[in-house]
Amino acid sequence: MHLSRFPRIRLAHLPTPLEPMKRLSKELGVEIWIKRDDCTGMSTGGNKTRKLEFLMAEALEQGADMVMTQGATQTNHGRQTAAYAAKLGLDCHILLEDRTGYDDANYNHNGNVLLDHLHGATTQKFPGGHDMVAEMGRAAEKKRAEGRNVYVIPGGGSNPTGALGYVNCAFELLGQANDAGLQIDRVVHATGSSGTQAGLVTGLCAMNAQIPVLGIGTRAPQAKQEQMVFDLACRTAEKLGCAGVVRREDVMANTDYVGEGYGIPTESGIEAIRMFAELEGILLDPCYSAKGAAGLIDLARKGAFKDERVVFLHTGGAAALGGYDFAFDHSDRWVNL
């Protein structure tokens with residue numbers, strides 16, 4: 001598993017911290033640690049920065065002068081891609097799909113959208129339900145007809161090249177655990193476009209780490225989510241030269257915390273945001289990391305992690321909070337002394 005064989009631009013702040021969450025652990029009765037991939041750098045950080053180290057290197061290797069990607073309105077991936085493009089002097093265009101129907105001004109213009117534009121990216125909006133892969137293909141061909149060399153990045157950066165970033169994270173996490181004498185019993189994180197989980201599973205399986213990874217789904221039903229992760233993990237293993245290292249039973253997802261749909265806050269997610277903020281000083285986002293944390297919290301309360309040491313991989317996304325202010329009631333925080 002020689003990752004140095006693949007082009008990579010090292011801009012992420014690595015290794016990210018692996019820290020105990022003592023107050024949350026006491027609250028839930030489970031020993032919980034956090035892998036701080038919200039601290040990877042590039043416009044407030046997040047899990048996509050690891051993927052972009054390999055994706056953007058591939059883009060430059062192919063002579064690209066423009067990158068193009070797609071996601072939901074408040075896409076964390078889009079924001080990090082725009083930041084990476086700015087750092088490397090590439091133009092960036094992001095296709096945004098309205099998956100929520102929100103007409104709130106902050107949701108549509110603040111948070112990640114504001115940062116997309118600050119980094120110099122152009123954006124294009126589409127109603128929900130569009131075939132965004134086809135739309136991105138058409139947009140890329142239009143730019144190519146104008147003479148641009150466009151490198152297309154799939155939503156979430158989730159292809160075998162992007163997943164290498166989380167194979168590398170698996171190496172990093174196990175190294176930190178070994179150096180600290182820390183036995184990890186399980187990794188839990190939010191899973192969506194599948195690249196993060198696919199990379200982690202591939203890396204951990206290749207090292208025979210015997211650490212199960214539970215993805216808490218943010219969009220797709222369980223069967224579809226698990227199949228997406230497994231398919232990408234298999235393709236990633238093939239890219240690395242270790243085909244067959246991931247078995248179907250190595251891929252586990254729980255999709256009970258999606259709520260009404262992708263990008264739509266849930267009551268349990270808002271509770272998770274408050275608990276992480278008030279107990280640990282850590283910020284989550286309503287769309288993605290909060291739903292992963294909601295699953296962690298609920299399963300811990302139900303005894304699913306009895307006698308386990310659990311690592312929660314924080315995928316970032318706090319920049320989106322400015323677009324979701326309508327989801328929070330702070331009236332009880334205003335007091336007269």
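Partly exposed describes a residue whose relative accessible area falls between the two cut-offs, buried being under 20% and exposed over 50%. Keep those cut-offs at hand for this tour of a predicted model.

**Stop 1: a pair on one helix**

Select helix α6, residues 132–145. Show the side chains of glutamate 141 and arginine 144. They meet in a salt bridge, 2.7 Å from N to O. The two residues are 3 apart in α6, so about one helical turn separates them. Arginine 144 has 34% relative accessibility, so this residue counts as partly exposed. Glutamate 141, at 45%, is partly exposed too.

**Stop 2: the two domains**

Now colour by domain. Domain 1 takes residues 3–46 plus 159–327, and domain 2 takes 47–153. Their C-alpha centres lie 23 Å apart. Domain 1 brings 48 residues to the contact, and domain 2 brings 34.

How much area is buried between domain 1 and domain 2? The figure is about 3,300 Å², with carbon and sulfur atoms giving 58% of it. Select Pro7, Ile9 and Met42 next. These three supply 18% of the area that domain 1 buries against domain 2, more than any other three residues.

**Stop 3**

The rule finds 3 salt bridges across it. Zoom in on glutamate 53 and arginine 8. They form a salt bridge whose closest N and O atoms are 2.8 Å apart.

Which elements give two or more residues to the side of domain 1 that touches domain 2? Select α7 (160–180) and α8 (195–206) to see them. α7 gives the most, with 8 residues. Colour that side of domain 1 by residue class, and you get 19 nonpolar, 20 polar and 9 charged residues.

**Stop 4: threonine 69**

Go to strand β3, residues 66–72, and pick threonine 69. Is threonine 69 buried or exposed? Threonine 69 has 0% relative accessibility and so counts as buried. Show its side chain. A polar atom there lies 2.8 Å from the backbone oxygen of isoleucine 153.

Now display the surroundings of threonine 69. Beyond residues up to four places away in sequence, threonine 69 touches His77, Gly78, Thr81, His93, Ile94, Leu95, Met136, Ile153, Pro154 and Gly155.

**Stop 5: leucine 88**

Select helix α3, residues 76–88, and find leucine 88 in it. Leucine 88 has a relative accessible area of 24%, so this residue is partly exposed. Which residues is leucine 88 in contact with, leaving aside neighbours within four places in sequence? They are Ile9, Leu11, Met56 and Leu60. Ile9 was also picked at the domain interface, in the trio with Pro7 and Met42.

Draw a C-alpha to C-alpha distance from leucine 88 to aspartate 65. They are 9.7 Å apart in space and 23 residues apart in sequence.

**Stop 6: salt bridges through the structure**

Side chains of opposite charge can pair when their charged atoms come close. A search of the whole structure finds 20 salt bridges.

Begin with glutamate 19 and arginine 36. Their closest N and O atoms are 3.4 Å apart, in a salt bridge. The pair links distant parts of the chain: glutamate 19 sits in strand β1 (residues 18–20) and arginine 36 in strand β2 (residues 31–36), 17 residues apart. Glutamate 19 is partly exposed at 30% relative accessible area, whereas arginine 36 counts as buried at 15%.

Move to arginine 247 and aspartate 250. Their side chains meet in a salt bridge, 3.0 Å from N to O. Which of the two is buried? Aspartate 250 is, with a relative accessible area of 14%. Arginine 247 is partly exposed at 46%.

Finish with a group selection: Lys35, Asp37, Arg50 and Glu172. Salt bridges link these residues in a network. Show their side chains together to see it.

How values were computed:
Residues numbered from 1 in each chain as written. Predicted model: local features only at pLDDT ≥ 70, side-chain atom pairs only at ≥ 80, totals over all residues. Heavy atoms only, no water. Domains from an automatic or database assignment. Contact = heavy atoms within 4.5 Å. Buried area = accessible area lost by both parts, 1.4 Å probe. Salt bridge = Lys/Arg side-chain N within 4 Å of Asp/Glu carboxyl O. Helix = DSSP H or I, 4+ residues; strand = E, 2+ residues; numbered from the N terminus. Nonpolar A, V, L, I, M, F, W, Y, C, P; charged D, E, K, R; others polar. Buried < 20%, exposed > 50% of the residue type's maximum accessible area, 1.4 Å probe, protein only. Polar contact = N/O pair within 3.5 Å; in protein donor to acceptor, adjacent residues only side chain to side chain.
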